[in-house]
Amino acid sequence: MDFLTLIQLFDSTIRLATPLLLACLAGLFSERAGIFDIGLEGKMLAAAFFSAAIAAITGSVWLGLLAGMAASVALSLLHGVASITFRGNQLISGVAINFLAAGLTVLIAQDWFQQGGRTPSLMGGGRFEPITLPFAENLAAVPFLGPIYSELISGHSILVYVAFAMVPLTWWILFRTRFGLRLRAVGENPAAVDTAGVSVVGLRYAAVLICGILCGIAGAYLSTALQAGFVKDMSAGRGFIALAALIFAKWRPWYALYATLLFGLFGALETRPDVIQNIIGMKVQGQLLGALPYIMTVIILAGFVGKAVPPRAGGEPYVKER
């Protein structure tokens, strides 16, 4: 396997890991505050549809991004009302959001565009284009470092850079700010936070809101950057893979980056069966490569779900003592 092929494989890894990373960080905020969110998949799917739909109608990808974020936040608030205000079962609420998004996106898409549940293909200002970083073309001919900078680091859409910038920002918010300290405390011991005079409900709603924003960006990336339009069920289980990555990462931002890059690599190998063939010396069926991310999700969950300790108050509604 030559160096350029390796660079191309890692380039695909970054592109495929981006929505997983955003969704994983979204789940991290929510679960650190004690709100388990199985509905990451549904929020991503709704955001993907409304981003593509509004971008197709208006011709502006930025309006599409805002629409996708708004749709995801609306579902997050719905989850918050069900699980925080009414103290309902968080897992059931998340599953309901997934079913709701799966059905509504196709129904609305068919009503608006009559293309079998799809949106029109996005072109020009309707999608995020790759960004060429400064000096990328000039450095392309430089051995070793040139291809890394010009092919691997440069040439991604702005949402990819936003996703990777969110990792240190998330770490700083959670572990270096008062808000982050309180958010983590709510997930561990909400009664102590309440005793200190801080609103448990307010903090949990804030976490759910941040989760919705990040899922909205992830969904918008799927339909306006990774692809050029919305198709039915285009999230393809990425929300559940992000949850597996979150458990694998033990609810830590930097570990979440490494976990999602690993899953992104599994997805990239599906598009480059020649790489697997060169490594193991035999041809691998495309169906097996396509199932590899999901197989690894099950393996990781089976191996790590008992070792990773979630926030102690996770999944439990808080009832204030009188």
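Biologist: Thanks! Is V142 buried or partly exposed, then?

Modeller: V142 has 35% relative accessibility, so it counts as partly exposed. It is found in the loop between α5 and α6 (145-153). Helices are DSSP runs of H or I with at least four residues, strands are runs of E with at least two, and both are numbered from the N terminus.

Biologist: And what sort of model is this?

Modeller: It is a predicted model, where local features need pLDDT of at least 70, side-chain atom pairs count only at pLDDT 80 or more, and totals for chains, interfaces and linings use all residues. Residues are numbered from 1 along each chain as its sequence is written, and side-chain values use heavy atoms, with hydrogens and water left out.

Biologist: You said "salt bridge". How many salt bridges are there?

Modeller: The count comes to 3, where a salt bridge is a side-chain nitrogen of Lys or Arg within 4 Å of a carboxyl oxygen of Asp or Glu.

Biologist: Which residue does R15 meet in a salt bridge?

Modeller: D11, at 2.8 Å from N to O. Both lie in helix α1 (residues 3-32), 4 residues apart, which is about one turn of the helix. D11 is buried, at 12% relative accessible area, while R15 is partly exposed, at 29%.

Biologist: What about K43, which residue is its salt bridge with?

Modeller: K43 pairs with D37, and their closest N and O atoms are 2.6 Å apart. Both residues are buried.

Biologist: And where in the chain are E188 and R312?

Modeller: E188 is in helix α8 (residues 178-188) and R312 is in the segment after α14 (286-304), so this pair links distant parts of the chain, 124 residues apart. Their side chains meet in a salt bridge at 3.2 Å, N to O. R312 is exposed, with a relative accessible area of 61%, and E188 is partly exposed, at 32%.

Biologist: New topic: rings! How many aromatic pairs are there?

Modeller: The count is 8 aromatic pairs. Rings of Phe, Tyr and Trp (its six-membered ring) pair if their centres lie within 6.5 Å; planes under 30 degrees apart are stacked, over 60 edge-to-face, and the rest tilted.

Biologist: Why is the pair of W62 and F128 edge-to-face?

Modeller: Their planes are at 90°, so the pair gets that label, and the ring centres are 5.1 Å apart. W62 lies in helix α3 (residues 61-85) and F128 in the loop between α4 (90-113) and α5 (136-139), so the pair ties together parts that are 66 residues apart in sequence. F128 is buried, at 6% relative accessibility, whereas W62 is partly exposed, at 48%.

Biologist: How many degrees lie between the planes of Y255 and Y258?

Modeller: That angle is 40°, with the centres 6.5 Å apart, and the pair is tilted. Both sit in helix α12 (residues 253-271), 3 residues apart, about one turn of the helix. Y255 is partly exposed, at 41% relative accessibility.

Biologist: Which residues do ring pairs link into a cluster?

Modeller: The cluster holds F49, F50, W112, F113 and F230.

Biologist: Let's do a helix. How many residues of α2 are buried?

Modeller: In α2, 14 of the 19 residues are buried, so call this helix mostly covered. α2 covers residues 40-58 and reaches 27 Å from its first C-alpha to its last, close to the 27 Å expected; the expected span is 1.5 Å times one less than the number of residues. Just after α2, G59 takes a positive phi of about 80°.

Biologist: Last one: is S154 buried or exposed?

Modeller: S154 is buried, at 2% relative accessibility, and its place is in the loop between α6 and α7 (158-176). A polar atom of the S154 side chain lies 2.9 Å from the backbone nitrogen of L133. That is a polar contact: N or O atoms within 3.5 Å where, within protein, one must be able to donate a hydrogen and the other to accept it, and residues adjacent in sequence count only if both atoms are side-chain atoms.

Key:
Buried means under 20% relative accessible area, exposed over 50%, partly exposed in between (1.4 Å probe, protein chains only).
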